[in-house]
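Open your viewer and settle in for a short walk through one chain. At each stop there is something to select and something to look for.

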Amino acid sequence: MLIILCVLAVGCLVRPDEPSLAAARGRPMCDRTQFAAADVMRGPISFVGLPPVELGVDVDWRMDPYRNRSWALNLHALRWVGRLVVAYETTGAADALRRAEGTAHDWVRDNPRGGAGISEWAWAEHPIALRAPALVCLSTHVKAEWLSDTLVEHAEVLADASLYEGGHNHGLDQDIALLGIGCRLDVAKWRDLALRRMTESARRAIDGQGTLQEQAPRYGVYVHQRLGVAFAAMKECGLRIPKELSTRRRALESYVGHAIQPDGRLTAIGDGPADMRPSGFRRPDSTVGVFDGGYVFGRSDWSREAAFYSIRFGPPRRYHGHEDHLSVTYQAKGRDVLVEAGFHSYERAAYPRWTVTPEAHNVPVVEGAAFRPGTATRLTGSSITPTRQTYELTDDAYGVSRTRKVLVNHGTDVLAVLDEVPEGHRLRNLWHLAPGQRPTLVQFEMPTCRRIGGQREGVGEISPGYLKRVKTVTITSPAARSLLTVIVPGRARVSCDGGTVTVRSRDGSVAFPSGIR
């Protein structure tokens, strides 16, 4: 094979039949928004909010000091190496570029694909996808043969159909990475594959209303942001942005916009931290969004003091979803009232596993029946006016019909929920109160309108942020076949008589049918 010796600052050997940085005509794309600003030259490095760790010059790539999956992933993603490149470009500090090159080269030497004893995260599909853009960024200034070779190897793995996560945010990251390498090394087959897969994947992942099929609004934010990165890469590469990708990205904005609570935090449904505050999303035109993918988001108005609620239904659980069908969350007067356990982490431990279960949500549980994971729930009816909304949902997640009707009244803030199962069965419902909140919660056995007591108050836990846990009050109802729960922020008097529920609070008085029609 003909070998051409090329003389560069770093020196290299170019093989004409293989893609090479030395011979490539592609532009060295480096979207610096992917690499958060951080001073990684001054000592230890922190990942996912855990205490900093001193990595040293000769990194131990098998280290996992916190036994944390996300920490290990971030170590091998090398996005922190991308930060070093950005630091060099920003400040001109040559030591930052030397450290970036040295660290990346150390990773390549110590982590041969298929090598014995390497970390399971070295060649896992998501770290590969996140690492490749950092290596492309480094190639702006480093054109060594080892970097060419590893970029080719990364591209070959990213192009492998058996490793592709289509319809998922990981697949999008894989396509962004493959597009970047294809553009950098001027390999049309990689560029074209990335563009084609990205479009097909978005069609599967984002429906016409903008609902992300990963079942967590937090990932709607992520996919929207990553599509922005992809569009920037396409422009840099001289490619046209497919119209369908633009359309689906815009649709995501409605889904995310409706899911942002009045206090600015994103509704913590599925795998999404309760302290996330998205920015840059336009306000939807309506105050209520009903998404066929399994979400209702509603509010009284667009002020910070507005009442807000969410309801879950839809297809079986998948990806980042929880077993949360029929669950309701509620805010009023700028404060949480009903919350859920939320998202703690991806760790394979008892508490994170529990946060996915029905019991971690505000749901009805059928007594003496086993829960059937992965059951779909239907929204069978709704009525929406500016001051009052009602919904009816049903499923057979416990082997019998389980129906929940929800009424939300604005002005005089009231949330009412009617849960029912067939004759011969009984249910209990669970209510997770926001820490420090004690709303009025009154329950009636239906259809008699008989007020019932005997609610059990327990100490529960919710996750207000990644790896965080706080105590709160969880209320479990008495068992009944048909149970009406009325929740009012603050103190209120609630009565049920002759098929009519009346609520009197500081906001005023309101009445509605006990059957929630």
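**Before you start**

This is a predicted model, in which local features need pLDDT of at least 70 and side-chain atom pairs count only at pLDDT 80 or more, while totals for chains, interfaces and linings use all residues. Residues are numbered from 1 along each chain as its sequence is written, and side-chain values use heavy atoms, with hydrogens and water left out.

**Stop 1: the whole chain**

Show everything as a cartoon. Along the principal axes, the C-alpha atoms fill a box of roughly 95 × 45 × 40 Å. You will find ten helices and 21 strands; these are DSSP runs numbered from the N terminus, with helices (H or I) of at least four residues and strands (E) of at least two. Of the 517 residues, 57% are buried, where buried means under 20% relative accessible area, exposed over 50% and partly exposed in between (1.4 Å probe, protein chains only). Among contacts with a separation of 6 or more, 63% join residues 24 or more positions apart; a contact means heavy atoms within 4.5 Å.

**Stop 2: two domains**

Colour residues 21–255 as domain 1 and 280–513 as domain 2; the bounds come from an automatic or database domain assignment. Their centres, taken over C-alpha atoms, are 39 Å apart. Where they meet, domain 1 supplies 25 residues to the contact and domain 2 supplies 22 residues.

Now select 293–440. UniProt lists this range, in an unreviewed entry, as "domain: Heparinase II/III-like C-terminal"; UniProt positions are given in the numbering used here, feature names are shortened, and annotations may be inferred rather than shown by experiment. The span is 3% helix and 40% strand, and its end C-alpha atoms lie 32 Å apart.

**Stop 3: the nonpolar cores**

Which residues have the most contacts inside the largest nonpolar core? Select Leu55, Leu75, Trp80, Leu138, Ile181 and Leu185, which hold that place in a core of 89 residues. A nonpolar core here is a set of buried Ala, Val, Leu, Ile, Met, Phe, Trp, Tyr and Cys residues joined through side-chain atoms within 4.5 Å. Helix H8 (residues 217–236) gives the most to this core, with ten residues. Domain 1 and domain 2 both contribute residues, so the core lies between them.

Zoom in on Leu55: beyond residues up to four places away in sequence, Leu55 touches Ile45, Met63, Trp71, Leu75 and Trp80. Apart from this core lies another, of 22 residues, including Ile311, Leu326, Ala332 and Ile475.

**Stop 4**

Select helix H4 (residues 125–138). Its end C-alpha atoms are 21 Å apart, which agrees with the 20 Å that its 14 residues should span at 1.5 Å a residue; the expected span is 1.5 Å times one less than the number of residues. Because 13 of the 14 residues of H4 are buried, the helix is largely enclosed by the rest of the structure.

Next, find Gly180 in helix H6 (residues 169–185). Gly180 counts as buried, at 9% relative accessibility. Leaving out residues up to four places away in sequence, Gly180 touches Met29 and Val136.

Then move to Ser148 in helix H5 (residues 145–158). Ser148 is buried too, at 3% relative accessibility. With residues up to four places away set aside, Ser148 touches Ser20 and Leu21.

**Stop 5: aromatic pairs**

How many aromatic pairs does a search of the whole structure find? There are 16. Rings of Phe, Tyr and Trp (its six-membered ring) pair if their centres lie within 6.5 Å; planes under 30 degrees apart count as stacked, over 60 as edge-to-face and the rest as tilted.

Select Trp61 and Trp80: the ring centres are 6.2 Å apart and the planes at 35 degrees, so this pair is tilted. Trp61 lies in the loop between strand E2 (12–14) and helix H1 (69–77) and Trp80 in helix H2 (residues 79–91), so the pair ties together parts 19 residues apart in sequence.

Finish at Tyr219 and Tyr222, whose ring centres are 6.3 Å apart with planes at 70 degrees, so they are edge-to-face. Being three residues apart in helix H8, the two are separated by about one helical turn.
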